[in-house]
Amino acid sequence: MRTLITGGAGLVGSAMNSEFKPSRKSLNLMNIDDIIRYITLNKIDSIIHCAGKVGGIKANTTKPGEFFYDNIILNSNVLEAARITNVNKVVSFMSTCVFPDDVEYPLHPDQMHKGEPHTTNYAYAYAKRMLEVQSRAYREQYGCNFVTVIPCNIYGPNDNFSLEDGHVIPSLIHKCYLAKKNNTDFEIWGNGKAYREFIYSKDVAHIAEWILDNYNDPEPFVISPDEEASIAVIAQEIAWRMEFEGNIIYNGEREGQLRKPSDNSLLKRLIPDYKFVPIEVGLQKTIEWFNENYEDARK
């Protein structure tokens, strides 16, 4: 297959195998004509759509309008361009934040539209939800084989390690790096009690590629391991692996949801023997990559 990977230089896209991973300069996803031209010129027959405007709690709470607009336009353009050019299949990435704040656990796709997302990232979450709606609508009206996936918290090399806009693990790694360098406290938002599921980027890439080849149903495919870890434990693990010997403090600000365990029964049924990269191994690989690429890493 000639597979276009959107967001090919990013966290998940960089872990995938394809010769069609254009940069933002060579493919503007905010311009549908650019996408149509790229697909046509390169005879693209499938797409794994990883691109998006993403960020952590602070970015989502301070720029909700930007997160909504950019993701709605970007996502709509990719799917509409794929329909117009008769692309055989599209696999689009959502996020566990699409689920309602008040919901029963574990998170299952049939709960997605049953309430408001969490207030800290509602705009981004609604834009991501619309990927499922548009994919389902296009499947119903046009017969498009558009599939969606819902990964839990992804981390790994080539992540965005920004202190302001990054997700939890890359931000913690960068904070710890600076705390060690400057001999200051390792300060963490919240109280450390929140639990999250974390998955290494190469695992997500491998599973998404399997989905492209094997999964064609309308139900969103949840990608997550079987374990949760508290932010406090993750912070302590990062500090130990980065040989930080100072104080770890929690400022109690910007608390998100306490837990977001997801229902990965579909994954376990269809790929029962898949072995996830253990969090300790993934953290070590990510920290090593960050240290080796500090000057060039997104931050």
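How do helix 5 and helix 7 lie to each other: parallel or oblique? Before the answer, the ground rules. This is a predicted model, with local features needing pLDDT of at least 70, side-chain atom pairs counting only at pLDDT 80 or more, and totals for chains, interfaces and linings using all residues. Residues are numbered from 1 along each chain as its sequence is written, and side-chain values use heavy atoms, with hydrogens and water left out.

Helices (H or I, at least four residues) and strands (E, at least two) are DSSP runs, numbered from the N terminus. Two packed helices are described by the angle between their axes and the distance between the axes. Axes are lines fitted to C-alpha atoms, for helices over the stretch in contact, and angles run from 0 to 180 degrees between N-to-C directions.

Now the pair. Helix 5 covers residues 168-182, and helix 7 covers residues 231-241. Their axes are 10 Å apart, at an angle of about 40°. Helix 5 and helix 7 are therefore oblique to each other. On the cut-offs, under 35 degrees is roughly parallel, over 145 roughly antiparallel, 65 to 115 roughly perpendicular, and the rest oblique. The crossing is right-handed, that is, the near helix is turned clockwise from the far one by less than a right angle.

Who touches whom? Contact means heavy atoms within 4.5 Å. Helix 5 brings Val168, Ile169, Leu172, Ile173 and Cys176, and helix 7 brings Ile231, Ile234, Ala235, Ile238 and Ala239. By class, that contact has 10 nonpolar, no polar and no charged residues. Ala, Val, Leu, Ile, Met, Phe, Trp, Tyr, Cys and Pro count as nonpolar, Asp, Glu, Lys and Arg as charged, and the others, Gly among them, as polar.

Next, helix 3 (residues 64-84) and helix 4 (residues 122-142). Their axes come within 8 Å and cross at roughly 20°. That makes helix 3 roughly parallel to helix 4. Helix 3 also passes helix 4 in a right-handed crossing. Among the residues that meet are Phe67, Phe68 and Ile72 of helix 3, and Tyr126, Met130 and Leu131 of helix 4. This contact divides into 14 nonpolar, five polar and three charged residues.

Last, the cavities. On a 1 Å grid over the protein atoms alone, a cavity is a set of points where a 1.4 Å probe fits but cannot get out, and lining residues have an atom within 4 Å of a point. There are two cavities of 30 Å³ or more. Helix 4 gives the largest share, four residues.

Notes: On a 1 Å grid over the protein atoms alone, a cavity is a set of points where a 1.4 Å probe fits but cannot get out, and a pocket is an open set with protein on both sides within 12 Å along at least five of seven lines; lining residues have an atom within 4 Å of a point. Grid points are joined across faces, edges and corners, and a volume is the space filled by probe spheres set on the points.
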